[in-house]
Amino acid sequence: MFGKKKASKPIAYDHENEKPAVRCSICTGEQVAGFKDVRTGKFREIMLISRPDELERFKEGCGTDTVEKFY
């Protein structure tokens with residue numbers, strides 16, 4: 001029933017053309033993690049962030065400590 005916490009899997013993305021980012025809604029506070037294309041600004045959604053530990057899991061999967069937030 002209560003097992004060990006699963007290690008986050010590495011998330012594959014193009015390190016040269018994309019950067020990890022979180023899109024935040026001003027109205028509802030909803031946060032979606034994904035990758036933002038540095039050339040076009042297009043956002044590719046990966047997962048919904050509903051708890052702080054999910055954001056940490058996303059950071060671990062990307063191999064980064066900082067993630068840009070945009071609205």
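**Aromatic contacts**

1. In this predicted model, Tyr13, Phe35 and Phe58 come together as one aromatic cluster. The number of aromatic pairs counted in the structure is three, and two of these pairs are taken up in the points below.

2. Phe35 and Phe58 make a tilted aromatic pair, with 5.7 Å from centre to centre and an angle of 45° between the planes. Because Phe35 belongs to strand 2 (residues 31–37) and Phe58 to helix 1 (residues 52–62), this pair ties together parts that are 23 residues apart in sequence.

3. Are the two members of this pair, Phe35 and Phe58, buried or exposed? Phe35 has a relative accessibility of 1% and therefore counts as buried, and Phe58, at 0% relative accessibility, counts as buried too.

4. Phe43 and Phe70 form an edge-to-face pair, for which the centre-to-centre distance is 5.4 Å and the angle between the planes is 75°. This pair links distant parts of the chain, since Phe43 lies in strand 3 (residues 43–49) and Phe70 in strand 4 (residues 68–70), 27 residues apart.

5. With a relative accessible area of 15%, Phe43 is buried, and Phe70 is likewise buried, its relative accessible area being 17%. Both assignments rest on the cut-off for buried, which is under 20% relative accessible area.

Definitions and conventions:
Residues numbered from 1 in each chain as written. Predicted model: local features only at pLDDT ≥ 70, side-chain atom pairs only at ≥ 80, totals over all residues. Heavy atoms only, no water. Phe/Tyr/Trp six-rings, centres within 6.5 Å; stacked < 30°, edge-to-face > 60°. Helix = DSSP H or I, 4+ residues; strand = E, 2+ residues; numbered from the N terminus. Buried < 20%, exposed > 50% of the residue type's maximum accessible area, 1.4 Å probe, protein only.
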